[in-house]
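Student: Could we go through this structure together, one question at a time?
Tutor: Gladly; let us look at it first and then begin with how its parts meet.

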Amino acid sequence: MIEVNDLTKAYGDTVVLDGLNFAVDSGEIFAVVGPSGAGKSTLAQCINLLERPTSGSVVVNGEDLTRLSYKQLRVARRRIGTVFQSSSLLSRRTAAENIALPLEYLGVTKGEAERRVRELLDRVGLTDRANAYPFQLSGGQRQRVGIARALALRPSVLLSDEATSGLDPQSTSSVVALLRELRDDLNLAIVFITHEMNTVLEIADSVARLDRGSIVESGRLVDLLTDHASALGRDLQPRRLDGDAKSGDAVWVVTYDSPDVPADWIGRVAADLGAPVSLLGASVQVVGGVSIGSATIGVAKDLSAHVPATLARYGLQTSSQHDARTLGVVA
Ligand SMILES: Nc1ncnc2c1ncn2[C@@H]1O[C@H](COP(=O)(O)OP(=O)(O)OP(=O)(O)O)[C@@H](O)[C@H]1O
Ligand SMILES: [Mg+2]
């Protein structure tokens, strides 16, 4: 596990990270989200001690890395594997040779390194691409090579800084699926840094939002999603808008997280209102055993006063913030 205590990083007078606290257990994925410039990459570099924190501690498996000498740190750092956005593979080395790099630095014998590389290629599902060069691999495959390389020295913590950013949805899903597998099979503590909210929904057990160097909100993903007072939970809700609203309709974002919502709620709400309800988009996901979702519906504007109470009858929520912020009323 990894624990970050009162972590602060300043460059001169500029405080980039301001007293961060969090812990990630083995077998858990902790996502860090936040806008550009929030300090996410600085946090990544402080976690693997590429940058020395100004104050505070980074504790991995009970050992405070910030107290180690440079020489001790070189060994301790092996407990943290890191994957970056463009995975920085060496272009003149094959996938297998890239994965072997950390083993070569460590002076592992050739035979042993080959065996380990085969194991890692299999682990990330790239056995048949062992001899491909980076330019011959897809973006998702390159990231999986980067992950295999990060795992070469058997770390207990995996740190990922925008590892899926810029990938197409299918490659993102393959990388996300791999990270979840690694969490479960290798019992890794994974710190997953991203600015992509929809990826967080697929991957995270817990989430923290970093803003201007501070954690402004954090919690278990399922708790945030079901907490109607949580701004982060609201931003994480799955949403998709497919259809077009009819003129004269008000558009509502309906969220549900209750197991009691009937499958035919749209028909029932329409019957109660005595007017058609159009489904403009919907996205539902099962998180921690609870169906979390949102649907976007259109209802004649002159019925607006009745909509919230009618929805509530079926265990559905609609929040005025959603309406005002994301969609408003269609004229
Ligand atoms: N070496 C440095 N010296 C001075 N300021 C720095 C240094 N490194 C980063 N910063 C500042 O720290 C802040 C956070 O940068 P950081 O790269 O951690 O943001 P980020 O959240 O990773 O952003 P992005 O989403 O764009 O990757 C920025 O304002 C940046 O200018
Ligand atoms: Mg960054």
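Student: How many salt bridges does the rule find across the interface of domain 1 and domain 2?
Tutor: A salt bridge here is a side-chain nitrogen of Lys or Arg within 4 Å of a carboxyl oxygen of Asp or Glu. Applied across the interface of domain 1 and domain 2, which an automatic or database domain assignment bounds, the rule gives a count of zero.

Tutor: Before going on, note that this is a predicted model, in which local features need pLDDT of at least 70 and side-chain atom pairs count only at pLDDT 80 or more, while totals for chains, interfaces and linings use all residues. Residues are numbered from 1 along each chain as its sequence is written, chains are lettered from A and ligands numbered from 1 in the order in which they are written, and side-chain values use heavy atoms, with hydrogens and water left out.

Student: Which helix gives the most residues to the side of domain 1 that touches domain 2?
Tutor: Helices are DSSP runs of H or I with at least four residues, strands are runs of E with at least two, and both are numbered from the N terminus. Two elements give two or more residues to that side of domain 1, namely helix H7 (197-203) and helix H8 (221-226). With four residues, the one that gives the most is H8.

Student: What area is buried between domain 1 and domain 2?
Tutor: Buried area is the accessible area (1.4 Å probe) that two parts lose on being put together, summed over both. Carbon and sulfur atoms give 67% of this area, and its value is about 710 Å².

Student: Which three residues supply 66% of the area that domain 1 buries against domain 2?
Tutor: The three supply more of that area than any other three residues of domain 1. They are Leu 201, Leu 225 and His 228.

Student: Which residue meets Arg 220 in a salt bridge?
Tutor: By the rule given above, the count comes to 15 salt bridges. In one of these, the side chain of Arg 220 has a partner at 2.7 Å, N to O. The pair links distant parts of the chain, 192 residues apart, with Arg 220 in strand E10 (residues 214-220) and the partner in strand E3 (residues 28-33). That partner is Glu 28.
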